[in-house]
Amino acid sequence: MRLHSSSASARCCNLFCSSHKANARESEWKFQVPVKHKDLEFLIKRFAAPLTAVLLAVSPICNPPESLGQTLDIQRGATLFNRACIGCHDTGGNIIQPGATLFPSDLQRNGVDTEEEIYRVTYFGKGRMPGFGEKCTPRGQCTFGPRLQDEEIKLLSEFVKLQAGLGWPNVSTD
């Protein structure tokens, strides 16, 4: 074991900052330069307040997400979309009717560019798209699969509108 003299105290800076350029031999040291109690106390006093301020500033307790509920709704909307819609509308496209995608230009051209209109089409269906609402009629226009509750269709319409505006990025439902 190598002992370092007090002249090595200048090297103790490289434990806390990168301004000191270490030569090849110094970077191969197996033992750290001992820090004197006074030096450590000075560093703690000097950096404790700014470090605490930074930690509090970035803390999720002090700065919660803009809306945790909104984030959860997006995830629920993504899950519903993956369960009920992705078969035809994967990544916002439309495998049945190419001119009826979920991209802003097609939504606008087809008069379905608001959440309310997306809700209506999802609930009652339109053209080749079946309706998914609990009270969807006529029977031939509605899905033969499981129906969605009103709140679920509302989440879906919000999700579709949001995703259309973002260009349909991938959203994890994990």
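1. Basis. The model is predicted: local features need pLDDT of at least 70 and side-chain atom pairs count only at pLDDT 80 or more, while totals for chains, interfaces and linings use all residues. Residues are numbered from 1 along each chain as its sequence is written, and side-chain values use heavy atoms, with hydrogens and water left out.

2. The chain. Seven helices and two strands make up the secondary structure. Helices (H or I, at least four residues) and strands (E, at least two) are DSSP runs, numbered from the N terminus. In order from the N terminus, the elements are α-α-α-α-α-α-β-β-α. Of the 174 residues in the chain, 24% are buried; buried means under 20% relative accessible area, exposed over 50%, and partly exposed in between (1.4 Å probe, protein chains only). Among contacts (heavy atoms within 4.5 Å) with a separation of 6 or more, 41% are between residues 24 or more positions apart.

3. The disulfide. The whole structure has one disulfide, a term that stands for a pair of cysteine sulfur atoms within 2.5 Å. Its partners are Cys136 and Cys142, with an S to S distance of 2.0 Å. The link of Cys136 and Cys142 is left-handed, at -90 degrees about the S-S bond. Cys136 counts as buried because its relative accessibility is 6%, and Cys142 is buried at 2%.

4. The other pair. Cys85 is in no disulfide, and its nearest cysteine sulfur, that of Cys88, is 8.7 Å away. Is Cys85 buried or exposed? Cys85 counts as buried, since its relative accessibility is 12%. Cys88 is likewise in no disulfide. With a relative accessible area of 32%, Cys88 is partly exposed.

5. Helix α6. This helix covers residues 115–124, and its buried residues are Ile118, Val121, Thr122 and Tyr123. Against which elements do the buried residues of α6 pack? They pack against β1 (125–126), β2 (129–130) and α7 (150–166).

6. The core. In soluble globular proteins, nonpolar side chains tend to be buried together. A nonpolar core is a set of buried Ala, Val, Leu, Ile, Met, Phe, Trp, Tyr and Cys residues joined through side-chain atoms within 4.5 Å. The largest one here has 19 residues, of which Phe81, Leu102, Leu148, Leu156, Val160 and Trp168 touch the most other members. At least two residues of this core come from each of α3, α6 and α7, and α7 gives the most, with six. Leaving out residues up to four places away in sequence, Trp168 touches Phe81, Thr91, Gly92, Leu102, Phe103, Phe159, Val160 and Gln163.

7. The largest pocket holds about 540 Å³ of space. On a 1 Å grid over the protein atoms alone, a pocket is an open set of points where a 1.4 Å probe fits, with protein on both sides within 12 Å along at least five of seven lines; lining residues have an atom within 4 Å of a point. Of the 27 lining residues, His89, Asn94, Ala100, Val121 and Met129 are the closest to the centre. The largest share of the lining, three residues, comes from α6. By type, the lining has 16 nonpolar, eight polar and three charged residues.

Note on methods
Points joined across faces, edges and corners; volume = space filled by probe spheres on them. Nonpolar A, V, L, I, M, F, W, Y, C, P; charged D, E, K, R; others polar.
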